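Open the structure in your viewer and keep the selection tool at hand. The tour goes stop by stop.

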Amino acid sequence: MDSLLTTTEKPTGDTAGPDIYVIAAHPAWRESRVNRPLMEAAKALPRAQVQDLYSSYPDYAIDVPKEQAALERAQLVVLLHPIQWYSMPALQKLWIDDVLTYGWAYGEGDEQSGPGRALEGKDLWLVATTGGPEGSYHPQGYNRYFFDAFLPPYEQTAALCGMRFLPPLVLHGAHTVDRQTVTQHVATFSQRLQSYPDWPELEDLEQCAACVVPMKDRPVEHLDAATAVKVA
């Protein structure tokens, strides 16, 4: 992996620091025609901090406190990745499993951890590519459903954390689209990051109230002192 693909945590002249956290996940960057230039465009913006998951965590051992701190600093969280098997890449899913913990990102929490409101009021934006063309995401196409049918897991993840799910930016047919289309798409992405939150469509987009998960709905975990085995 060349040096262009390392995590970017650049200092900036803005004392407030970056307010956009771009989480880029692609298991084969050298094969990427679209996601890689999108990531590089984000890296060029002072207000964006870019996390390249596959370069930072090749052993899949995610630094949870570091990731949570980055999320707390950001107002806009961007998930940048190709759609693989109608979902996100494996390391992106693990990131969500490990980082968006109960009592921090969602749920009632307890006296020690506090309520799970760390992400409440922030925005979540999916920027994704598909291998198949747009026409394949149709009841008469080989993917059988419109692309929106695969968005509920993203939307509900945002809702559970009290985040606003922004209209996704999707480029279909990433393997075959022409270079001009890619260039235009990257320019649109960069412009959107630079102009956030001044997007016309956000004026009528309501904030999402947090979906509170009561503690009684969570398994009780404790450490057995005699066996040192975690049981639930």
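A salt bridge here is a side-chain nitrogen of Lys or Arg within 4 Å of a carboxyl oxygen of Asp or Glu. Keep in mind that this is a predicted model.

**Stop 1: Arg192 and Glu201**

Select Arg192 and Glu201. They form a salt bridge, and their closest N and O atoms are 2.1 Å apart. Now colour by accessibility. Arg192 has 17% relative accessibility, so it counts as buried, the cut-off being under 20%. Glu201 is partly exposed, at a relative accessible area of 32%.

How many salt bridges does a search of the whole structure find? The count is 4. Two others come next.

**Stop 2: Arg164 and Asp123**

Select Arg164 and Asp123. This salt bridge has its closest N and O atoms 2.8 Å apart. Arg164 sits in strand E5 (residues 164-165) and Asp123 in strand E4 (residues 123-129), so the pair ties together parts 41 residues apart in sequence. Check both partners for burial. Arg164 is buried at 11% relative accessibility. Asp123 is buried too, with a relative accessible area of 1%.

**Stop 3: Arg47 and Asp19**

Move to Arg47 and Asp19. Their salt bridge brings the closest N and O atoms to 2.7 Å. The two residues are 28 residues apart, and the pair links distant parts of the chain. Arg47 is in the loop between helix H1 (35-43) and strand E2 (48-52), while Asp19 is in the segment before strand E1 (20-24). Is Asp19 buried or partly exposed? Asp19 is partly exposed, with a relative accessible area of 23%.

**Stop 4: helices H1 and H6**

Show H1 and H6 as cartoons. They pack at an angle of about 35 degrees, and their axes are 9 Å apart. Their crossing is right-handed. From H1, show Pro37, Leu38, Ala41 and Ala42. From H6, show Val182, His185, Val186, Phe189, Ser190 and Leu193. By class, the contact has 8 nonpolar residues, 2 polar ones and no charged ones.

**Stop 5: His172**

Finish at His172. Find it in the loop between strand E6 (169-171) and helix H6 (179-195). His172 is buried, with a relative accessible area of 15%. Which side chain joins that of His172 in a polar contact of 2.9 Å? The partner is Thr130. Now select the surroundings. Leaving aside residues up to four places away in sequence, His172 touches Thr130, Gly132, Pro133, Glu134, Tyr137, Phe147 and Val177.

Key
Residues are numbered from 1 along each chain as its sequence is written. This is a predicted model: local features need pLDDT of at least 70, side-chain atom pairs count only at pLDDT 80 or more; totals for chains, interfaces and linings use all residues. Side-chain values use heavy atoms; hydrogens and water are left out. Helices (H or I, at least four residues) and strands (E, at least two) are DSSP runs, numbered from the N terminus. Buried means under 20% relative accessible area, exposed over 50%, partly exposed in between (1.4 Å probe, protein chains only). A polar contact is a pair of N or O atoms within 3.5 Å; within protein, one must be able to donate a hydrogen and the other to accept it, and residues adjacent in sequence count only if both atoms are side-chain atoms. Contact means heavy atoms within 4.5 Å. Axes are lines fitted to C-alpha atoms, for helices over the stretch in contact, and angles run from 0 to 180 degrees between N-to-C directions. A crossing is left-handed if the near helix is turned anticlockwise from the far one by less than a right angle, and right-handed if clockwise. Ala, Val, Leu, Ile, Met, Phe, Trp, Tyr, Cys and Pro count as nonpolar, Asp, Glu, Lys and Arg as charged, and the others, Gly among them, as polar.
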